[in-house]
Amino acid sequence: MCPFCFWSWGFWPWNWGGVIMMIFWAVILVFLFVFLFRWLGGERHERVERTDRALEILKERFARGEITEEEYERMRRKIQNE
């Protein structure tokens with residue numbers, strides 16, 4: 001048997017079944033990485049946006065005189081601790 005005749009041994013790079021499996025696993029890995037990055041990154045980004053928006057609303061209410069300074073400070077601490 002020829003030691004340089006890999007195609008006759010059935011190694012994955014030279015037969016279609018191996019190429020298809022390699023593409024399949026590459027696609028699965030790409031989807032897995034995209035899912036993980038969006039899941040982990042999206043949660044932090046969303047939490048920061050919610051906190052920023054809540055603080056903006058709180059500042060507006062304080063500026064309009066709807067809440068006292070003590071209420072403002074109590075609510076601000078509560079929002080920032082979440």
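Phe 33 is partly exposed, with a relative accessible area of 46% (buried means under 20%, exposed over 50% and partly exposed in between, with a 1.4 Å probe and protein chains only). The model is predicted, with local features requiring pLDDT of at least 70 and side-chain atom pairs pLDDT 80 or more, whereas totals for chains, interfaces and linings use all residues. Residues are numbered from 1 along each chain as its sequence is written, and side-chain values use heavy atoms, without hydrogens and water.

Three aromatic pairs are present in the structure (rings of Phe, Tyr and Trp, the last by its six-membered ring, with centres within 6.5 Å; planes under 30 degrees apart are stacked, over 60 edge-to-face and the rest tilted). One of them, Phe 24 with Trp 25, is edge-to-face, at 5.1 Å centre to centre and 75° between the planes. Phe 24 is partly exposed at 41% relative accessibility, as is Trp 25 at 48%. Phe 33 and Phe 37 count as stacked because their ring centres are 6.4 Å apart and their planes lie at 25°. These two residues are four apart in helix 1 (residues 16-64), and are therefore separated by about one helical turn (helices are DSSP runs of H or I with at least four residues, numbered from the N terminus). Phe 37 is exposed, at 62%.

The largest nonpolar core comprises five residues: Leu 55, Leu 58, Ile 67, Tyr 72 and Ile 79 (buried Ala, Val, Leu, Ile, Met, Phe, Trp, Tyr and Cys residues joined through side-chain atoms within 4.5 Å). At least two residues of this core come from each of helix 1 and helix 2 (69-81). Beyond its neighbours within four places in sequence, Ile 79 contacts Thr 51, Ala 54, Leu 55 and Leu 58 (heavy atoms within 4.5 Å).
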